[in-house]
Amino acid sequence: MRRLVAGNWKMNGLRADGVALARDLAGRVKAAPRASELLLCPPATLLAPVAEAIAGSGIALGGQDCHAEAKGAHTGDIAAPMLKDAGCAYVLVGHSERRRGHHEDDAAVRAKAAAAAAAGLCAIVCVGETAAERDGGRTEAVVVRQLRGSVPPKPNGARLAIAYEPVWAIGTGRTPTLRDVAGVHARIRAALRELVAEADGVRILYGGSVTPANARELLSIANVDGALVGGASLVADDFWSIAQACG
Ligand code: PGA
């Protein structure tokens with residue numbers, strides 16, 4: 001399985017910084033091709049210029065969200081076929097910032113993941129427990145419930161990836177223990193085997209305060225098939241060093 005290191009830029013970056021960052025990374029990949037796959041998910045306004053900056057480098061482009069419908073009267077939304085048309089191969093769905101900030105439940109996330117797959121995109125379905133759920137010992141139950149609710153029925157394994165992102169670890173500098181990450185990823189793999197025919201080929205990324213300092217150990221855990229990186233993906237040296245830790 002080819003591992004995936006995804007940069008989620010969130011709502012950061014004007015054209016000059018975004019293009020400079022993408023060009024910098026494209027140059028590094030061209031000079032030293034990587035075994036793992038690199039993915040950039042810039043804000044929608046930067047999809048076109050970033051697509052141009054990474055053209056020919058092998059770095060993939062992704063959206064941060066998509067609508068469940070292919071077109072129509074949905075002011076401010078972006079449809080999966082539009083992302084595909086803009087050069088995307090991936091889209092994040094169900095990031096906790098969307099689940100919380102935009103009240104997206106599992107059913108909404110599942111519809112988005114299905115729309116992404118129908119448009120020919122790989123949906124990266126994000127799941128993860130809150131601090132209260134973790135403290136209550138409910139991490140695995142919550143993650144499995146989100147997975148069962150958010151993965152479309154009979155998914156095409158090639159158009160699906162999972163990102164395990166504990167909500168309390170995002171942007172906080174805190175990460176679960178390696179043992180906890182191993183346990184949750186193994187549980188996700190087991191749950192995927194009930195949901196997806198090609199479950200062992202579905203990449204399970206870890207996300208939440210991944211940095212150059214912790215990437216190597218997180219990425220050495222079984223069933224951690226890559227990383228979803230927020231803050232550190234905005235700094236070329238940091239994202240590159242995480243990519244290197246991914247092999
Ligand atoms: P972080 O964000 O790396 O800044 O913690 C990860 C994410 O939200 O995808």
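This is a predicted model: local features need pLDDT of at least 70, side-chain atom pairs count only at pLDDT 80 or more; totals for chains, interfaces and linings use all residues.
Colleague: Which residues are closest to the ligand, and how many surround it?

Modeller: The ligand is surrounded by 13 residues, and the closest are Lys 10, His 95, Glu 165, Gly 171 and Ser 209. Residues are numbered from 1 along each chain as its sequence is written, and side-chain values use heavy atoms, with hydrogens and water left out.

Colleague: How do the residues of that shell divide into nonpolar, polar and charged?

Modeller: There are 4 nonpolar, 7 polar and 2 charged residues in the shell. Here Ala, Val, Leu, Ile, Met, Phe, Trp, Tyr, Cys and Pro count as nonpolar, Asp, Glu, Lys and Arg as charged, and the others, Gly among them, as polar.

Colleague: Where does a backbone atom of Gly 231 lie relative to the ligand?

Modeller: A backbone N or O atom of Gly 231 lies 2.8 Å from a ligand oxygen atom. The protein covers 95% of the 280 Å² of accessible area that the ligand has on its own (Shrake-Rupley method with a 1.4 Å probe; for residues, only the protein chains shown count as cover). For Gly 171, a backbone N or O atom is 2.7 Å from an oxygen atom of the ligand.

Colleague: Changing topic, which residues of helix α2 are buried?

Modeller: In α2, residues 47–54, the buried ones are Leu 47, Pro 49, Val 50, Ala 53 and Ile 54. Buried means under 20% relative accessible area, exposed over 50%, and partly exposed in between (1.4 Å probe, protein chains only). Helices (H or I, at least four residues) and strands (E, at least two) are DSSP runs, numbered from the N terminus.

Colleague: Why are they on the same side of α2?

Modeller: They cover an arc of only 165 degrees around the axis, which puts them on the same side of α2; the arc is that of the directions from the helix axis to the C-beta atoms. On the other side, Ala 48 and Glu 52 are exposed.

Colleague: What do the buried residues of α2 pack against?

Modeller: They pack against α1 (15–31), β2 (37–41), β3 (60–63) and α3 (80–85), where contact means heavy atoms within 4.5 Å.

Note on methods. A residue is near a molecule or strand if one of its heavy atoms lies within 4 Å of it. A polar contact is a pair of N or O atoms within 3.5 Å; within protein, one must be able to donate a hydrogen and the other to accept it, and residues adjacent in sequence count only if both atoms are side-chain atoms.
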